[in-house]
Every structure is written in C-alpha cells, then in structure tokens.
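I opened my notebook to look up a few spots in one structure. Here is what I checked, entry by entry.

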Amino acid sequence: MKIPFSLRKSKRSNWVLPYMVFLLIFVIVPLVLIGLYSFFDYNGNFTLKHFVKFFTQTEILNTFIYSIVVASVVTCLCILIAYPAAFFLARMNVSKSRILIMLFVLPMFVNVLIRSLATVALFDFLHLQLGEGALLFGLTYDFLPFMIFPIYNSIIKIDPALIEAAQDLGATIGQLIRRVILPLSAPGITSGIMMVFLPAISTFAISEILTLNNKRLFGSIIQENIMITDKMNFGAALSLIMLVIIYLSLMIDRKKGSQEEQETSF
C-alpha cells in the first residue's frame, strides 16, 4: 500500500518536535527570563537602574574594557598562529592534513576546565607565574581551533585556477598570499574572529583559574552577580548587554557577508 505524500511529510516533520521543545525550554525561555529580570528589581518593580549602574560604576566599566583588550589580543594571537597553520594544511596532501586536523580537534574533546588546570600544571612545571601571561596563553590555546577551521575551510574553497593564473602572471608567494589568498579567505577570518573574540570576553572560569582570581573578565562579573540572590537582576542586565553586543556583531558580520556576495556576483 502506497503511503500518501502528505502523510509521509507529516511524519518527517514530527522529528523536529523534540528539537523545538529543547529550543523552547533551554534557549527561548531563559532568554525571556533574562530580559524580564533585567528590567525589574529584586522586589518586582520596573526599573532601569541596572543599566545605569553598568555605565556609571567604574569597576564594572574597567572590567568590561579590560575584557575587550584581552579578547582583542587573544584574537590577534589566534590569527597569527592559525592563518599559517590553515594555509599549510590546505596545501598539504589530503591524508596528511586529515591527521593534523585530528590533532587539532582532539584537545577540544577535553573539558575546558581540565585544559585550564593542565595549563596551570605546565606553568608550575616551567616555574612560571600565573597571571596575564598565563591567561593569554590559556585563552589562545583554548580558542585556537575555532580560528583555524573557518580559515582552513575558506582557503580550500579557493579555485586553484585563480592561484595558477596569478603564478602565470609572475606573482611571488608574498603577492599571491596578499592579493589572492588573503582577500578570498577573508570570510573565514571574519568567522574566526566572531568565534574567538565574543567567547573570550564572556569567559570566567579560565580567567579565575589561570590568574588565581586576580584578574577578572566581564563573564566573572556576570557570574558573581547571578549567584547572589538580591543581585541576580543586575547580573541578568549584564547578560542582556552581552547578548545585545553579540547580536549586533552577528548582524554586522551578516551584512558584510551579503555585501561580499553581491560584489563577487558582479
């Protein structure tokens, strides 16, 4: 007996229901609660004082600016390390590149807290002090794969004919990278920046472990206020500010991506 197409389609759509339920409970509802708590005080009265406090309290603003600086340095370090690595991976034999990619992937299967504790043990073994240096090292180590893979995916998608044409026209290796490969791999660099910069601002466990809680990032401020009952609303407001920053960054990235697609289409 042949099953009607409409019935088969409805059965396939039922597979989406568990995901929709998960999305509703663990994504949409928490985001709505964060928005609601941000605009109310502990007694349930509507207020904007949490946002005013963010812009007027010097300690929080300094921590936010410091987090941006740290995230910027980590992002730059990741680009400097990831781009040459991604370039050579893309130029290598497929079988060899897969082995090296697996070596980059394997540390990601280990929990970030365990990797941070391993970094502490490494610095202790080398008799190095924990602090900003350890923080930059740990964040770069943790987020480096998120920079390598987008750049690698962009480079391997470059048409080899373009590279051959540039070489036929007498382009050197430096000119080839600067004028052909680098512009065409720009979308991967942008994606890598988004995947490194934004998480680096909001992390808190790594900074607490690698600096012995002497240096705090913006994520630490959010976590500390969320854990205190009468300050939970302020923590929700800080989380909302971080979400707005992430949303604006994604919109800017999407706008740039659409502009690049239009330029390449012409």
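**Entry 1: a threonine in a loop**

I looked up Thr211 and found that it is buried, with a relative accessible area of 1%. I am working with a predicted model. Buried means under 20% relative accessible area, so Thr211 at 1% falls in that class.

Where does Thr211 sit? I found Thr211 in the loop between α11 (205-210) and α12 (218-227). Next I checked its side chain. A polar atom there lies 3.3 Å from the backbone oxygen of Lys215. I then listed contacts, leaving out residues up to four places away in sequence. Thr211 touches Gly131 and Leu135.

**Entry 2: a tyrosine in a helix**

I moved on to Tyr37, which lies in helix α2 (residues 16-38). Is Tyr37 buried or partly exposed? Tyr37 has 36% relative accessibility, so it counts as partly exposed.

I set aside neighbours within four places in sequence and looked at what Tyr37 meets. Tyr37 is in contact with His50, Met232, Asn233 and Ala236. I also checked Gly235, 198 residues apart from Tyr37 along the chain. The C-alpha atoms of Tyr37 and Gly235 are separated by 8.9 Å.

**Entry 3: a pocket**

I finished with the second largest pocket, whose volume is about 170 Å³. Which residues line the second largest pocket? I noted Pro150, Asn153, Ser154, Lys157, Ile158, Asp159, Leu162, Leu184 and Pro187. Helix α7 (residues 132-156) gives the largest share of this lining, three residues. I sorted the lining by type and got five nonpolar, two polar and two charged residues.

Conventions:
Residues are numbered from 1 along each chain as its sequence is written. This is a predicted model: local features need pLDDT of at least 70, side-chain atom pairs count only at pLDDT 80 or more; totals for chains, interfaces and linings use all residues. Side-chain values use heavy atoms; hydrogens and water are left out. On a 1 Å grid over the protein atoms alone, a cavity is a set of points where a 1.4 Å probe fits but cannot get out, and a pocket is an open set with protein on both sides within 12 Å along at least five of seven lines; lining residues have an atom within 4 Å of a point. Grid points are joined across faces, edges and corners, and a volume is the space filled by probe spheres set on the points. Helices (H or I, at least four residues) and strands (E, at least two) are DSSP runs, numbered from the N terminus. Ala, Val, Leu, Ile, Met, Phe, Trp, Tyr, Cys and Pro count as nonpolar, Asp, Glu, Lys and Arg as charged, and the others, Gly among them, as polar. Buried means under 20% relative accessible area, exposed over 50%, partly exposed in between (1.4 Å probe, protein chains only). A polar contact is a pair of N or O atoms within 3.5 Å; within protein, one must be able to donate a hydrogen and the other to accept it, and residues adjacent in sequence count only if both atoms are side-chain atoms. Contact means heavy atoms within 4.5 Å.
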